[in-house]
There are 2 protein chains.
Amino acid sequence: MRDINQFTITDAVKSSFSTEPGSRFESLLHGLIEHLHDYTREHQITHEEWMRVLMFLYDCGKISTPERHEFILLSDVLGWSALVDMINSKGGATEGSNLGPFYLDDAPRKDLGAHLADGRDGVTVLVHGKVTDSLHNPLAGAIIDTWQADGAGTYPIQEQEQGQDKFDLRGVFETDEQGRYWYTTVLPKPYTVPYDGPVGELLRAGNRHAWRPAHLHYIIRHPGMAAITTEVFFENMEYLDNDAVFGVRRSLIATLAPARGTVPDLPAEAKFDAVVEFDFVLAPEG
Amino acid sequence: MRDINQFTITDAVKSSFSTEPGSRFESLLHGLIEHLHDYTREHQITHEEWMRVLMFLYDCGKISTPERHEFILLSDVLGWSALVDMINSKGGATEGSNLGPFYLDDAPRKDLGAHLADGRDGVTVLVHGKVTDSLHNPLAGAIIDTWQADGAGTYPIQEQEQGQDKFDLRGVFETDEQGRYWYTTVLPKPYTVPYDGPVGELLRAGNRHAWRPAHLHYIIRHPGMAAITTEVFFENMEYLDNDAVFGVRRSLIATLAPARGTVPDLPAEAKFDAVVEFDFVLAPEG
C-alpha cells in the first residue's frame, strides 16, 4: 500500500482527483493544493493555527447573507479582489476596480443631465466625460451604469429599513452621438467597509483601519467591447493612499474642479458647485 | 501617491498590516498573502473563477453547523488536515491522524475489559495493547479516549434523532500498571464523509469517492507526555489506499487476527470473534 508522508502527500492529493489532463480545472486545483501544502510546510502550521483558520472561515460563513458577503470582504482586504481586477484589465482600456457589495443590476434608466441626488445634502457636482475606444473614437450608445454613496458616506440600499429608496443615487445612462455623458449628483464621502465581523477582527489584529476613499462606481458597456467595472476617485481626498480594499489606481483619480460657469458645449442646466471630468476607454471583446 | 500594480500589490497589502515585526502572526499573514497572490498571478485567475471560489466558501458557510463543519471537511479532502497531523507528529511517538467531526470530550469512563457495543450487530473484536514511552517503558494510568462507527459504518451521534445514545460506542479507559488496555467492541465498517454539500460537489467534479476505510479513533494522554490524536486501521480492508481524507499511515494499520482462545495474561472473559492489537507510544511534552 502507499505510505504517504508530509512530502509525498501533495502528489497523493493531486492524483486523488481524476480531472481531465491539462484542463483548467485540473490546473487550478493542483495549484491550490500545492500552495496550501507549501504554505503549511514552510510555516509548520500547528493544530491550533489550523483550527483558528477553519473557525475564522466558519465565522465568515455565519455572518454572511446575500447582502453581506464576508468572503468578498476578506478577498477585498487581502488585495485579492484588486489583484484579480488588475490581472483582468485590458491593455489600453480604463483600469478595472472593485465591484463592491452594493451593485444592483436593475437600476433605472435616466436621461443625460439628470440629477441623481434629489434632496440630498452635500457638494453638488457635475460629472461628465466621454466613452471612447483606445484610438479615442467616441462610442455612441455606450451604457454607463453608476452607483455611489451619499454626502455622509452611506448607500441608500443600506438604509432601506429607514425608508430609503434603494435605487436612489443610481442611474443608467446612454452616451450621446459624440460618446458624451453628463449628470449631476452629490459628492460622495469616504466610508468604512463593515468591520463588525471576522474580517473586522482581522483588521483590528493587524492595526488596520476600514476606510475607503470617496468614489463613484461604474460599469461601462458597449456592444463588441469588453465591459469594465471600475471606480473613479477624486484627487487630494482622504485615504487615496491607504484604501482598505486597494481599489485606487493613479489612472482612476479624477480632477475635482470648482464650477466656473457652465461646461462648454454641454446642455447642463442644473446648478452645481464643482465639476468632475472622467473619460472611459473600452477595448474590444475577446 | 502610491500607484500599485499587479506586482507591487503584494508588498502593499503586507505593509498595510502593522504587525509586530518578526511575530508569528506577521509571518503567517505575510505567507498567506504571498501564496494567495502568487497563485492568482501564476494562474491568471479570472473574475468568474474568483467569484466561483467565493461562492463555494459562502456555500460551505451556509451548510455548516456546530455538528457539520464543512470547512474541516474541505481541509480533510484537500489533505490539509493530514498534512498538519504529519507535521505535528513527534518523532518516536505514534503518528497522529484525523480527529474527525465526531469527538465528544465528555464520554463516560469505563473499566478495562468493558464491552462498548451492547446489542450491536457485527464482528466482535477484542482490542488490546500497551501505552509506552519511546523506550518501551509502560505508562500506567494513561488515558485512552476512543470512539468509533458501528458495524454499519454509522456513529451513534449521527442517529440521535432515532433515539441512539450519543455516548454509545465510546469509552475512556485508564491503562493498568503494566500500561495495558483492553476492551471489546464491534468491528467498525467503512463509511462516507458527508457529500451532500459543496465539498461533495468538489469530489464529484474531480471524480473522487467519499469513502473512508474502517477505523477506531483515539486520543491518548498521560501526564508529562504529548497527547496524540490518531486512528487505527485494519490490514487488508477496503479503502486503505484511497481514504477520502488521507488519514491512513502504514504505521497505524493493525493486524486483525481470528480469535484463538483467550489472549495470554489478559483477564478478558467476553466472547469475541477476532483480536486487534495495537500499541501506542507517547513522546515527552514540549
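The structure is a predicted model, in which local features need pLDDT of at least 70 and side-chain atom pairs count only at pLDDT 80 or more, whereas totals for chains, interfaces and linings use all residues. Residues are numbered from 1 along each chain as its sequence is written, and chains are lettered from A.

The contact (C-beta atoms, placed from the backbone, within 7 Å) takes 65 residues from chain A and 65 residues from chain B. On the side of chain B that touches chain A, two or more residues are given by each of α1 (9–16), α2 (24–43), α3 (47–63), α4 (70–77) and α5 (80–87) of chain B; helices are DSSP runs of H or I with at least four residues, numbered from the N terminus. The most is given by α2(B), with 16 residues. By class, this side of chain B has 31 nonpolar, 23 polar and eleven charged residues, where Ala, Val, Leu, Ile, Met, Phe, Trp, Tyr, Cys and Pro count as nonpolar, Asp, Glu, Lys and Arg as charged, and the others, Gly among them, as polar. Because 100% of the interface residues of chain B are also interface residues in chain A, the copies meet through the same surface.

Chain A is divided into domain 1 (9–45) and domain 2 (80–282), with bounds from an automatic or database domain assignment. The C-alpha centres of domain 1 of chain A and domain 2 of chain A lie 39 Å apart.

Note on methods
Two residues are in contact if their C-beta atoms, placed from the backbone, lie within 7 Å.
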